[in-house]
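Please read this briefing alongside the sequence and the coordinates. It goes through backbone geometry, chain symmetry, helix packing and charged pairs in turn.

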8 protein chains.
Amino acid sequence: MQPYNRLNKDDAVVLLVDHQTGLISLVQDFTPNEFKNNVLALADLARFFQLPTILTTSFEQGPNGPLVPELKEMFPSAPYIARPGQINAWDNADFVAAVKATGRKQLIIAGVVTDVCVAFPTLSALAEGFDVFVVTDASGTFDKTVQQAAWARMSAAGAQMMNWFAVACELHRDWRNDIEGLGHLLSERIPNYRNLMNSYAALTAR
Amino acid sequence: MQPYNRLNKDDAVVLLVDHQTGLISLVQDFTPNEFKNNVLALADLARFFQLPTILTTSFEQGPNGPLVPELKEMFPSAPYIARPGQINAWDNADFVAAVKATGRKQLIIAGVVTDVCVAFPTLSALAEGFDVFVVTDASGTFDKTVQQAAWARMSAAGAQMMNWFAVACELHRDWRNDIEGLGHLLSERIPNYRNLMNSYAALTAR
Amino acid sequence: MQPYNRLNKDDAVVLLVDHQTGLISLVQDFTPNEFKNNVLALADLARFFQLPTILTTSFEQGPNGPLVPELKEMFPSAPYIARPGQINAWDNADFVAAVKATGRKQLIIAGVVTDVCVAFPTLSALAEGFDVFVVTDASGTFDKTVQQAAWARMSAAGAQMMNWFAVACELHRDWRNDIEGLGHLLSERIPNYRNLMNSYAALTAR
Amino acid sequence: MQPYNRLNKDDAVVLLVDHQTGLISLVQDFTPNEFKNNVLALADLARFFQLPTILTTSFEQGPNGPLVPELKEMFPSAPYIARPGQINAWDNADFVAAVKATGRKQLIIAGVVTDVCVAFPTLSALAEGFDVFVVTDASGTFDKTVQQAAWARMSAAGAQMMNWFAVACELHRDWRNDIEGLGHLLSERIPNYRNLMNSYAALTAR
Amino acid sequence: MQPYNRLNKDDAVVLLVDHQTGLISLVQDFTPNEFKNNVLALADLARFFQLPTILTTSFEQGPNGPLVPELKEMFPSAPYIARPGQINAWDNADFVAAVKATGRKQLIIAGVVTDVCVAFPTLSALAEGFDVFVVTDASGTFDKTVQQAAWARMSAAGAQMMNWFAVACELHRDWRNDIEGLGHLLSERIPNYRNLMNSYAALTAR
Amino acid sequence: MQPYNRLNKDDAVVLLVDHQTGLISLVQDFTPNEFKNNVLALADLARFFQLPTILTTSFEQGPNGPLVPELKEMFPSAPYIARPGQINAWDNADFVAAVKATGRKQLIIAGVVTDVCVAFPTLSALAEGFDVFVVTDASGTFDKTVQQAAWARMSAAGAQMMNWFAVACELHRDWRNDIEGLGHLLSERIPNYRNLMNSYAALTAR
Amino acid sequence: MQPYNRLNKDDAVVLLVDHQTGLISLVQDFTPNEFKNNVLALADLARFFQLPTILTTSFEQGPNGPLVPELKEMFPSAPYIARPGQINAWDNADFVAAVKATGRKQLIIAGVVTDVCVAFPTLSALAEGFDVFVVTDASGTFDKTVQQAAWARMSAAGAQMMNWFAVACELHRDWRNDIEGLGHLLSERIPNYRNLMNSYAALTAR
Amino acid sequence: MQPYNRLNKDDAVVLLVDHQTGLISLVQDFTPNEFKNNVLALADLARFFQLPTILTTSFEQGPNGPLVPELKEMFPSAPYIARPGQINAWDNADFVAAVKATGRKQLIIAGVVTDVCVAFPTLSALAEGFDVFVVTDASGTFDKTVQQAAWARMSAAGAQMMNWFAVACELHRDWRNDIEGLGHLLSERIPNYRNLMNSYAALTAR
């Protein structure tokens, strides 16, 4: 019987690893639209819950391309570590320092590609005693087979497999904390939820 | 060598979480007909085994919509907790009280969506020492990827992954406890089983 | 520019071919629940539009099993041709006579298995000048490959590929002909439509 | 050897049929995000090419729900035919009049659900000599099987099966007609294209 | 209104093209067991209906490997054309002579790979006025995409797309022609049919 | 570091649970041909390695149907426990006695359906200290979702997930123990292996 | 009965349209490796049969990226039309002139994306009386749905759907025209064929 | 909290088990091109990181066929153990001796088929205290079901599930160790990465 290690908005930090315009062309385990939507949804929730967020990239000057501009715009003052070469972000002292500077123990991580840019820092952070929550649907890779192998490796090491919607709900805890805010977030990123809200609005406006 | 924690009809309680007419439109990891059939099959078996059953919903007055009417009709006297805002049903004191009032330790849970409305109370209940049996096919969510991540998280925490048919069979133990009753249950919800029974009936009636 | 050969409830007849309890175990291009739902939806609409309906079976006394009882009950006075051996129902004079006795030219056909029990009479009837509308989702066969080959063959011969929902809508023409009746039909067979109706009812009842 | 019937922005009109908040919950042949993106892309291109656009809905006051608000906002002065009951929009005289009032012969059509709301007016319009271009990816229905049957029926009657991207390109003809405009359209709706543009911009800005 | 060109056991000949032990390793649009079963089912029915059958192979001495031994054994006296190099069997005069020597006009063809060894002689024979019935499930190729392209090409040229079960049933016409014979054939190659027969036999033997 | 618990032909017993002609119609996570082949392959290897084998069935007189005749014929003197009602075979004293009478500790189990007839005795036997090896591909159930949930439950309890081919190879250890015997077994049940052998034979016979 | 319009190496020309490094990131209906292999296989065969080949690109200086370098290297002296803006290559006079300059009537076409860069010139060329053979597996687009719509449109207009392997075989006609040459081509692009050849070589070398 | 057991190029050895020309025809869980590419990518990285590599085969003289020639050529001086009969390579003393002679503790393993030739030595080596990293995408087997069962078994025993790309990145640690070298490796085996590099090169060359 172990305690439920539940996401806590006062103890969580978001790590966005290598969501770069070039690298994303490698992602094939999600359709491009699904993936874009999931990544932006994760960014939305990071802002909504005012979670400290850390951006890192790998070789932006080369073929990997720059960080997706939307992310840069959404987190203008976030620590931004352009790694000079380390593949595992946790091998970069600045990145680890930025994480530790938040004083938080719960790492919410997503990136491209899952099996490397997400898995490596996840395994490193777990080994240092952090709790790691992988946002599986905002992390992409070559195909479903690679995805499943990466999940198995991280899961076996103690990472928790999540999706952005569950992250948002676990952080929010109670709709009453901000009904409109959460509703807006979901409406923007879940078309069927938006439809429900619009159907409802139409009927109650009569 | 740990004991086989087997479902016991004298120690099990069924928790149906947020099977609401609006929320169900979010479910895409099962076809609508399969999902409806599975949810109603779980309800059927809850009644057949006279298991205490607890219903809970989230914001029925809004876009989430009311509880699916069939469930309301099937359990007219079940505890019914309309949560005022808590996303995790286990955060609602009335819900937990209703569970504990049954004095039972085996929780059979299903709901919409799997990664939130099922996973959160599952993790909370496990942490309090309950045994949790997730009815995977009566629990729906956005897509197979989210489903698989949610299963992995719950499974890693000690929940048992089941399906309604296995739940029914594990509770029943022996056909002789009620051959006709179980046969009827299966016939209503498994078309191929119904066909077998009808073929058999036709031949033996000759 | 050929005229739109549109289903007309005064000129259509429904042919249900070999939906037998044994034969249905051969169907694997639909899940059992989807297939059962589609076949019963077709039966529902045949009754709703009061279309003449003809039932036929092949060797009910043997392994093929009896006609699905629900169909027998729904059409107690329909012509019922138990073919003594003809695989193509159109090779059975009684069947053809029953069709011709209706005086109708539009054949709505479904059956098990698609590539034989549906395709053969479809091709025969087309050759005699009938219009044939295949209800693809109430017709089942061994797998998707066989399904696709059968569709291609029938389509090339001039049959129109439809689904039960489109058949219902094309026959109904205008919701105002019977709003409640069509709504009820859809609610029984399309879970998401039922959910919409229940959400709506809950809101407007307030 | 028949001439290539090519979309012409001076002869085309866009018909958006029943993209309503409730009905869209029936769509399962595309993921919700893909479908939303495709429908909005079609709307974007209709505006970009200044094509006359006609909106129609079915029973907005009931469970079908209102037209998706984005569409209403994007075409504030478009003819808007709220059909009182006709399932086939072509059975509604106002709708046909609106189409004919444009004086155009090429109908670009999309809607929910494909097999009914798209197929019926497509077949009617073809029978009256119009050219019909079905935007398959902005038209949704219950599942892939129904989708394929509906495509087969419309294709056999002479409709051309297209997707929103091909429609945009066929209308545009030459990038030089408006490089930035088309680029913007694609960037908004094709994440991988946006990534290419952002990678390019980053490099050329150096 | 064209006549139904129905398979006739007195006018049909079976062509088995290049089912060689090496070439079959190229087949990936069916699982190996499904494909083996389908090919042998086609051979079974050729024998059952005593159809003239023609075997042909390509370069058996090399990597393509010998004809599958089962086929050789089942048709010991069939014309056997080991083509010295022609890829299209119809380019081989002996093969065409063997076909024409049967005096039959209906060609039932299957082979490996579908897009070449089946498609080429199919197109050639159609051009010479033969009727061609492609046994799609006894013909294999690299993947589903290639399969679909090959079907489209042959279908557009007038070939009829079939499967072995439909071929058997269309040839047999009436169960009474040989109930036990057809039953045996189906029982050997359709496990679910065998199960039905065994269930039936068990019950009626009581 | 735990020892590799490897199958040993002197310590293994095969349990075939409820492979009945009726019940098999419920299996949809494998195609009928694949499933039949896998079950017979497991039976083949049980005989080849002369493993004690225990057969058990549930209600053969009713709709479940008799044991698949091939299995009955292959193991004429095997203990055969027709359970009078127990769903979990391990609840039947005769079955457990038959297992224990073999004095073996490694249980190789397969059955229909996986989530019940395989999972229940697997969990019971593990709890009593047996080693359980589930032959996943000779065990079938309603669909892939149920399959995956059942695997997860058994795997979490310590069962080893295997397939018939791996079972055969792990038991055989070294080809030299019987090259021809194992080759024959594989040739009968793996078409591509048969093809390799036939290609080889043709070349070496020259 | 129309003649079999068979590819003829003296009358065929290959058109490679917009296989550019940027645009290829849009292709999701094939895996990247499959697609690369298919495109290079088509290039290989164009060279092997010494077919005139025409290269064209769209906006190579911008985000679309340069022509895949391998293609440029393989056809150093091929006409190379960098279109200044025309989306449909057939709208570019130089391109059409290059095609016509070959004096050939059979166009073998492939490109990115299928629904635009392949479909548009295909439809244009068909309208001018050319025969068009679409190499479906060397043409890529956004997803399978778009692929299928594009195939349907081109097929309805009279294009023949092919794959690179069928193109090679139809051009080659007879292995004896160059056994080693064709063998080499297949060995490079079909791994299972290479394996067959290597197995064979090993055995015959003994 | 266990340490992150990270691949180390000074402690890792690569084991390539039974990648033979015949056996590969059994692989169906990857397409032939994907599988070939993945196996060669693993070989590439073994050379790039100068990892000791051990080759082993099973019965090369028979139907299994010789080792894929590319592998033989790439590792001309690697230990090469042609096992005389042991199915589990770890049962072969020479193989184990070769592994131990490297003095390394991290085994990177891949082979054909996953459930036997990979799983058995993996389980044996884990039991002896080695760390085992399974290269899932360079290991193939009969189908996805077998693949998943084999992964589950190995994972439960403590093996780490990886893919070749993650292996390469974990070994490399930092791009600066050899930017061009790693870039070349990725460019050869990941078409979308190659495209990124070529797009980049074209732009920066201007």
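In which loop of chain E is V113(E) found? V113(E) is found in the loop between β4 (106-111) and α4 (114-127) of chain E, where helices (H or I, at least four residues) and strands (E, at least two) are DSSP runs, numbered from the N terminus. This is a predicted model, in which local features need pLDDT of at least 70 and side-chain atom pairs count only at pLDDT 80 or more, while totals for chains, interfaces and linings use all residues. Residues are numbered from 1 along each chain as its sequence is written, chains are lettered from A and ligands numbered from 1 in the order in which they are written, and side-chain values use heavy atoms, with hydrogens and water left out.

**Backbone geometry**

- Most residues other than glycine have a negative phi, and most peptide bonds are trans.
- The peptide bond that leads from V112(E) to V113(E) is cis, its omega being near 5°.
- In chain D, the peptide bond from V112(D) to V113(D) is likewise cis, with omega near 0°, and V113(D) lies in the loop between β4 (106-111) and α4 (114-127) of that chain.
- R173(B), a residue other than glycine, has a positive phi, near 70°, and is placed in the loop between α6 (164-172) and α7 (179-189) of chain B.

**Relations between chains**

- Two copies of a chain are related by a rotation about an axis and a shift along it.
- Chain A and chain F do not touch, their nearest C-alpha atoms being 12 Å apart, and chain C and chain G do not touch either, with their nearest C-alpha atoms 12 Å apart.

- Two packed helices are described by the angle between their axes and the distance between the axes.
- In chain C, the axes of α7 (residues 179-189) and α8 (residues 191-204) come within 5 Å and cross at roughly 120°; axes are lines fitted to C-alpha atoms, for helices over the stretch in contact, and angles run from 0 to 180 degrees between N-to-C directions.
- α7(C) and α8(C) are therefore oblique to each other, given that angles under 35 degrees count as roughly parallel, over 145 as roughly antiparallel, 65 to 115 as roughly perpendicular and the rest as oblique.
- The crossing of α7(C) with α8(C) is left-handed, a term that applies if the near helix is turned anticlockwise from the far one by less than a right angle, with right-handed used if clockwise.
- On the α7(C) side, G183(C), L186(C), S187(C), E188(C) and R189(C) meet P191(C), Y193(C), R194(C) and M197(C) of α8(C).
- The residues of this contact between α7(C) and α8(C) comprise 4 nonpolar, 2 polar and 3 charged, where Ala, Val, Leu, Ile, Met, Phe, Trp, Tyr, Cys and Pro count as nonpolar, Asp, Glu, Lys and Arg as charged, and the others, Gly among them, as polar.
- In chain H, α7 (residues 179-189) and α8 (residues 191-204) pack at about 120° with their axes 5 Å apart, which makes α7(H) oblique to α8(H), and their crossing is left-handed.

**Salt bridges**

- Over all chains, a search of the whole structure finds 65 salt bridges, each defined as a side-chain nitrogen of Lys or Arg within 4 Å of a carboxyl oxygen of Asp or Glu.
- The side chains of R83(B) and D18(B) form a salt bridge at 2.9 Å, N to O.
- This pair links distant parts of the chain, 65 residues apart, with R83(B) in strand β3 (residues 80-83) and D18(B) in the loop between β1 (12-17) and α1 (32-48) of chain B.

Note on methods. Contact = heavy atoms within 4.5 Å.
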